[in-house]
Each structure stands twice: as C-alpha cells, then as structure tokens.
Amino acid sequence: MKAKLKAELTESLHLPKDLMFGAVIVTATGNQEVYVENYKGILEYSDEKIKLQTKSCYLTITGRNLVISYYTNDEMKITGYIQGIRYS
C-alpha cells in the first residue's frame, strides 16, 4: 500500500523516479563507456564482467577489457568494449 501511494504521488507531482525510489541510472555511450548512478556496491570485478548491487536488482556489465575508471559512493564510470548490460 505504501509503495503504491508513493508511486502515485511521484507520478502526479512529476518527480524523478530515481530520486524517489533510488532507481539505478545507466547511461551507455556507444559500446565503450557506461555510467552507473545509484548503485550500492561492487559484487564482482574482472576484465570481462562487473556485477553491481543496486537497491532493487543486480546489474551486470559484460565485455572485454572492462575497467572501472572512477567511482564514488553514488556513481561510477566503466570503460572497455561493452557487450552486454543485464538486470537480474
């Protein structure tokens, strides 16, 4: 009930869902860069797979020569040859 009310309020006030629900934001620039916002932690990190915990799911980036170029408590930049982005 509380989640439904929050969703309706967010929609009616046209508030950003990422702020209200802490939703992960993924921005891909071609197949060479991915910016991730609102993640909770790094679960797995190799040059072929980076798995992150978000508030509501796992986010897995796959590819070749993957590197976390930088990260803060709120966001990170992943570079390399991006082959897949999967939510689970």
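Because the model is predicted, local features need pLDDT of at least 70 and side-chain atom pairs count only at pLDDT 80 or more, while totals for chains, interfaces and linings use all residues. Residues are numbered from 1 along each chain as its sequence is written, and side-chain values use heavy atoms, with hydrogens and water left out.

To start with the layout, the protein chain has two helices and six strands, where helices (H or I, at least four residues) and strands (E, at least two) are DSSP runs, numbered from the N terminus. Read from the N terminus on, the order is α-α-β-β-β-β-β-β. Of the 88 residues in the protein chain, 25% are buried; buried stands for under 20% relative accessible area, exposed for over 50%, and partly exposed for anything in between (1.4 Å probe, protein chains only). The chain exposes about 6,000 Å², and carbon and sulfur atoms supply 52% of that. Such areas come from the Shrake-Rupley method with a 1.4 Å probe, and for residues only the protein chains shown count as cover. As for contacts (heavy atoms within 4.5 Å), residues 24 or more positions apart account for 37% of those with a separation of 6 or more.

Next comes the inside. In soluble globular proteins, nonpolar side chains tend to be buried together. A nonpolar core is taken here as a set of buried Ala, Val, Leu, Ile, Met, Phe, Trp, Tyr and Cys residues joined through side-chain atoms within 4.5 Å. The largest one has 13 residues, and V36, I61, M76 and I78 have the most contacts inside it. Two or more residues of this core come from each of β2 (33-37), β4 (49-54), β5 and β6 (75-87), with β5 giving the most, at four residues. I61 shows how far the contacts reach: leaving aside neighbours within four places in sequence, I61 is in contact with V34, E48, K49, I50, L66, I78, I82, G84 and I85.

On the outside, I42, Y45, V67 and Y71 form a nonpolar patch with about 400 Å² of accessible area together. Patches are made of residues with over 30% relative accessible area and no salt bridge; like charges are joined within 9 Å, and nonpolar side chains (Val, Leu, Ile, Met, Phe, Trp, Tyr) within 5 Å. Both β3 (39-45) and β5 (58-71) supply at least two residues of the patch. Y71, one of the patch residues, sits in strand β5 and counts as exposed because its relative accessibility is 54%.

Then there are the charges. Side chains of opposite charge can pair when their charged atoms come close. The structure holds two salt bridges, each being a side-chain nitrogen of Lys or Arg within 4 Å of a carboxyl oxygen of Asp or Glu. In one of them, K77 pairs with E33, and the closest N and O atoms are 3.4 Å apart. K77 belongs to strand β6 and E33 to strand β2, so the pair ties together parts that are 44 residues apart in sequence. K77 counts as buried at 19% relative accessibility, whereas E33, at 21%, counts as partly exposed. Setting aside residues within four places in sequence, K77 is in contact with E33, V34, Y35, V67, I68, S69 and Y70. The other bridge joins E44 and K49, with 3.7 Å between the closest N and O atoms. E44 is partly exposed at 33%, and K49 is partly exposed at 28% relative accessibility.

T54, in strand β4, is buried at 1% relative accessibility. Its side chain reaches the backbone oxygen of C57 at 2.7 Å, a polar contact (a pair of N or O atoms within 3.5 Å; within protein, one must be able to donate a hydrogen and the other to accept it, and residues adjacent in sequence count only if both atoms are side-chain atoms). Not counting residues up to four places away in sequence, T54 touches V24, N38, K40 and L59. T54 and I25 are 29 residues apart in sequence, with a C-alpha to C-alpha distance of 9.8 Å. T60, placed in strand β5, is buried at 3% relative accessibility. Beyond its neighbours within four places in sequence, T60 is in contact with K49, I50, K51, G84, I85 and R86.
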